[in-house]
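Work through the exercises below with the sequence and the 3D structure open. Each task is followed by a solution in steps.

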Amino acid sequence: MKTVVIGSGSWGTALAQVLEDNQRDVILYGIEKSEVDDINLHHKNSKYFEDVSINPSLKATMDINVVKEADVVLLAVPTIAIESICQQIDLLLTKKTIIVNVSKGFHPTTNERMSQVIRRCISADHLSSVVSLIGPSHAEEVIIRLLTTIDAVSLNEEDAIVVQQLFSNHYLRIYTGSDEVGSELGVAIKNVMAIASGILSGLGYQDNTRAALITRGLQEMIRYGMAFGGQQQTFMGLTGIGDLIVTCTSVHSRNFSAGYQIGKENTVENFLKNNKKTVEGVRTAKIVHNVSKANGIDMPICEEVYQILYEGKEPKTCANDLMLRELKREF
Ligand SMILES: NC(=O)C1=CN([C@@H]2O[C@H](COP(=O)(O)OP(=O)(O)OC[C@H]3O[C@@H](n4cnc5c(N)ncnc54)[C@H](O)[C@@H]3O)[C@@H](O)[C@H]2O)C=CC1
Ligand SMILES: O=C(CO)COP(=O)(O)O
């Protein structure tokens with residue numbers, strides 16, 4: 001099985017190393033010469049992983065033609081680049097390929113989930129199926145082989161098992177799943193909750209507040225997910241509560257860190273001016289705002305995050321407004 005990992009950023013590098021560790025036939029494709037050279041020449045990807053040596057057998061390339069012979073192509077690029085990369089590789093693929101998606105979020109203008117974008121852009125002749133490899137997994141920990149569990153979610157169970165077998169090893173355990181809607185919505189919306197969690201920490205709130213945020217945030221994820229056909233049970237799993245916990249509590253999380261800065265400064269201004277990192281929750285907050293309004297889904301935490309990011313509302317006021325909403329039963 002020849003696998004091409006597209007995207008020499010943090011997650012692409014960590015997952016390509018998993019395959020190299022598993023002695024699979026893998027190559028990493030990148031568009032940044034500095035990243036590709038760093039991997040090939042120094043066995044590092046210093047931009048993302050300071051002082052971490054990666055498996056010296058892992059090779060990277062800037063030649064996109066490597067996808068021609070691929071059986072599996074894993075897309076490890078931000079959601080905003082998924083459509084263009086799919087259009088690009090569809091011209092090169094020569095057989096039915098398993099496309100593995102690891103991005104968490106939505107298409108920036110159509111609001112489609114990632115697997116919907118991939119199915120739209122890769123022609124049927126070139127697509128075996130889409131498998132989403134998603135769950136609680138910071139690249140910074142997978143690259144140093146710390147124990148991690150995630151899901152291979154697909155409408156095609158056979159392909160989900162292929163991906164499960166390909167990636168599983170002593171430090172990465174893959175479960176399979178078939179609730180594509182619930183899983184993809186869970187991992188997308190948890191990024192908005194992670195921004196909220198960071199904001200609350202930045203404002204100085206502590207453990208009680210974070211527990212409340214995670215618990216009530218999960219309820220919003222379930223409400224939104226079930227409105228579009230996701231199964232409640234999925235939100236109790238790795239792509240629901242699992243990913244929500246890791247992202248809302250970790251300093252590795254770029255979404256949490258963005259929120260922390262915004263909360264600490266009690267304004268979004270500097271973050272919007274200076275951020276260069278992949279913070280998927282920012283665009284997701286806008287999409288969740290638009291879609292929940294259009295469909296009458298009550299998403300109070302996501303709405304306050306949207307107000308902070310896009311309407312310039314003060315974080316302190318948002319926290320206060322959430323607390324002073326009309327009182328109600330928990331369930
Ligand atoms: N970093 C992590 O721990 C995890 C990230 N993810 C998700 O994975 C996705 C990718 O994120 P990261 O790897 O973290 O981002 P990153 O910011 O670390 O790296 C992104 C990489 O994509 C490359 N890229 C951008 N456009 C491209 C294109 N058109 N063709 C080829 N390469 C292109 C960039 O050059 C860069 O190397 C995001 O949706 C993120 O939410 C999911 C789980 C864990
Ligand atoms: O999705 C992730 C962990 O599961 C990565 O989170 P961040 O994008 O916030 O770093």
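**Exercise 1. The shell around ligand 1**

Task: find which residues come nearest to ligand 1, and state how the shell divides by class.

Solution. Step 1: there are 28 residues around ligand 1, where a residue is near a molecule if its C-beta atom, placed from the backbone, lies within 6 Å of it. Those that come nearest are G9, S10, W11, S103 and A139. This is a predicted model, in which local features need pLDDT of at least 70 and side-chain atom pairs count only at pLDDT 80 or more, while totals for chains, interfaces and linings use all residues. Residues are numbered from 1 along each chain as its sequence is written, and chains are lettered from A and ligands numbered from 1 in the order in which they are written.

Step 2: at least two residues of this shell are supplied by each of α1 (10–21) and α3 (79–90). Helices (H or I, at least four residues) and strands (E, at least two) are DSSP runs, numbered from the N terminus. With four residues, α3 has the largest share of the shell around ligand 1.

Step 3: by class, the shell around ligand 1 holds eleven nonpolar, 13 polar and four charged residues. Here Ala, Val, Leu, Ile, Met, Phe, Trp, Tyr, Cys and Pro count as nonpolar, Asp, Glu, Lys and Arg as charged, and the others, Gly among them, as polar.

**Exercise 2. The two domains and ligand 2**

Task: describe the contact between domain 1 and domain 2, then locate ligand 2.

Solution. Step 1: the domain assignment (automatic or from a database) gives domain 1 as 2–177 and domain 2 as 180–323. Their centres, taken over C-alpha atoms, are 25 Å apart.

Step 2: domain 1 puts 24 residues into the contact and domain 2 puts in 21; two residues are in contact if their C-beta atoms, placed from the backbone, lie within 7 Å. On the side of domain 1 that touches domain 2, α4 (114–121), β6 (127–134), β7 (148–153) and β8 (172–177) each supply at least two residues. The largest share of that side, four residues, is from β7. That side of domain 1 has ten nonpolar, ten polar and four charged residues.

Step 3: ligand 2 has 13 residues around it, and S137, T247, S253, R254 and N255 come nearest. Two or more residues of this shell are given by each of α7 (180–202), α9 (238–249) and α10 (254–265), and α9 gives the most, three. The shell around ligand 2 has three nonpolar, six polar and four charged residues.

Step 4: both domain 1 and domain 2 give residues to the shell around ligand 2, so ligand 2 lies between them.

**Exercise 3. The packing of α7**

Task: determine how α7 is oriented to α8 and to α12.

Solution. Step 1: the axes of α7 and α8 (residues 207–227) come within 9 Å and cross at roughly 150 degrees. Axes are lines fitted to C-alpha atoms, for helices over the stretch in contact, and angles run from 0 to 180 degrees between N-to-C directions.

Step 2: α7 and α8 are therefore roughly antiparallel (an angle over 145 degrees). Residues in their contact include L185, I189 and M193 of α7 and L213, G217 and M221 of α8. By class, this contact of α7 with α8 has nine nonpolar, six polar and two charged residues.

Step 3: the axes of α7 and α12 (residues 280–295) come within 8 Å and cross at roughly 105 degrees. This makes α7 roughly perpendicular (65 to 115 degrees) to α12.

Terms used. Angles under 35 degrees count as roughly parallel, over 145 as roughly antiparallel, 65 to 115 as roughly perpendicular and the rest as oblique.
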